[in-house]
Amino acid sequence: MTIRDGDGTGTDGVDWDAAAASFDEEPDHGLRDPEVRAAWAERLRDWLPERAGDVLDLGCGTGSLALLAAGQGHRVTGVDRSPAMVALAREKLAGRDAVFLVGDAAAPPVGEERYDTVLVRHVLWTLPEPDRALRHWRDLLRPGGRLVLVEGVWGTVSPVGIPAGRLTALLAPLGGRVRVQPLSGDRTLWGRDVDDERYAVVAVPD
Ligand SMILES: C[S@@+](CC[C@H](N)C(=O)[O-])C[C@H]1O[C@@H](n2cnc3c(N)ncnc32)[C@H](O)[C@@H]1O
């Protein structure tokens, strides 16, 4: 698959610029339903550090999780390959302590900045070298910082995604503590029942 730089086509081959306008229509994307939004806010409060800090949201999309993190007092930097997604995220977080950049999640354009949390939802599985991306994200953390990775395996006929077992194996070389939280059983997060594998990993590398 060809990866084109500087446009909204992800490494998954999806034209995310074209998808941006309707992206928030899915309950777990736009978090428009107060019950769904509250469920994600509660999870995020558990996954993010108690003390407000700097969160790097990679593949941030329209900024729905970034908005929740900002609402909990964190300063957010969002990075997405799709300029259309970034434009929507900027709009959604206007007036908040947040900046959004167009760039590759695997090599975010953040220079020497370091973060308390690198947050990535539904993006890692699309990256061609997830092990390399994880190492790079670890290097973007301040001492004691954490990776919050929300991933899954979607579909039954031709499933796509990354199983929790594979992700934890990829994290093993980074050492430290890894907590896996299954999310499939909580229908409020998705706005419906789901029976595929969905989970979050909170990793505090050495
Ligand atoms: C399924 S959406 C998830 C958006 C957001 N993380 C969320 O959970 O609402 C995938 C997002 O990742 C972005 N993306 C895909 N590949 C990327 C890459 N290599 N670098 C940066 N963003 C990427 C897409 O543009 C899209 O906004």
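A crossover is right-handed if, with the strands pointing away from the viewer, the path from the first strand over the helix to the second runs clockwise. In this predicted model, strand β1, helix α4 and strand β2 form a β-α-β unit of that right-handed kind. The points below start from this unit.

**Strands around β1**
- Strand β1 spans residues 54–58. Four of its five residues are buried, so the strand is mostly covered, given the cut-off of 20 or more other C-beta atoms within 10 Å.
- β1 pairs with β2 in the parallel sense, over five bridges. In this pairing, D57 has G78 of β2 as its bridge partner.
- β1 also pairs with strand β4, residues 115–121. This pairing is parallel too and runs over four bridges. Here L58 stands opposite V120 of β4.
- In a regular strand, side chains alternate between the two faces of the sheet.

**Packing of α3 on α4**
- Two packed helices are described by the angle between their axes and the distance between the axes.
- Helix α3 covers residues 34–47, and helix α4 covers residues 64–71. Their axes come within 10 Å and cross at roughly 60°. The crossing is right-handed.
- On the α3 side, the contact involves W40, A41 and L44. On the α4 side, L65, L68 and A69 meet them.
- By class, this contact has six nonpolar residues, no polar ones and no charged ones.
- An α-helix has 3.6 residues a turn, so residues three or four places apart point the same way.

**L67, a buried residue of α4**
- L67 sits in helix α4. L67 counts as buried because 22 C-beta neighbours lie inside 10 Å, and the cut-off is 20 or more.
- Leaving out residues up to four places away in sequence, L67 touches K92 and L93.
- L67 and A41 are 26 residues apart in sequence. Their C-alpha atoms are 9.7 Å apart in space.

- Q72 is found in the loop between α4 and β2. With 14 other C-beta atoms within 10 Å, Q72 is partly exposed.
- Q72 is in contact with L44, R45 and L48, leaving aside neighbours within four places in sequence.
- D104 is 32 residues away from Q72 along the chain. The C-alpha atoms of the pair are separated by 26 Å.

**Helix α5**
- Helix α5 runs over residues 83–92. Its buried residues include A84, M85, V86, L88, A89 and K92.

- L31 is not a glycine, yet its phi is positive, at about 50°. L31 lies in the loop between α2 (27–30) and α3. With 23 other C-beta atoms within 10 Å, L31 is buried.
- H122 is also a residue other than glycine with a positive phi, near 65°. H122 is found in the loop between β4 and α6 (130–139).
- Why does H122 count as partly exposed? H122 has 19 C-beta neighbours inside 10 Å, whereas a buried residue needs 20 or more.

Key:
Residues are numbered from 1 along each chain as its sequence is written. This is a predicted model: local features need pLDDT of at least 70, side-chain atom pairs count only at pLDDT 80 or more; totals for chains, interfaces and linings use all residues. Axes are lines fitted to C-alpha atoms, for helices over the stretch in contact, and angles run from 0 to 180 degrees between N-to-C directions. Helices (H or I, at least four residues) and strands (E, at least two) are DSSP runs, numbered from the N terminus. A crossing is left-handed if the near helix is turned anticlockwise from the far one by less than a right angle, and right-handed if clockwise. Two residues are in contact if their C-beta atoms, placed from the backbone, lie within 7 Å. Ala, Val, Leu, Ile, Met, Phe, Trp, Tyr, Cys and Pro count as nonpolar, Asp, Glu, Lys and Arg as charged, and the others, Gly among them, as polar. A residue is buried if 20 or more other C-beta atoms lie within 10 Å of its own, exposed if 12 or fewer, and partly exposed in between; C-beta atoms are placed from the backbone. Two strands pair if DSSP finds at least two bridges between them.
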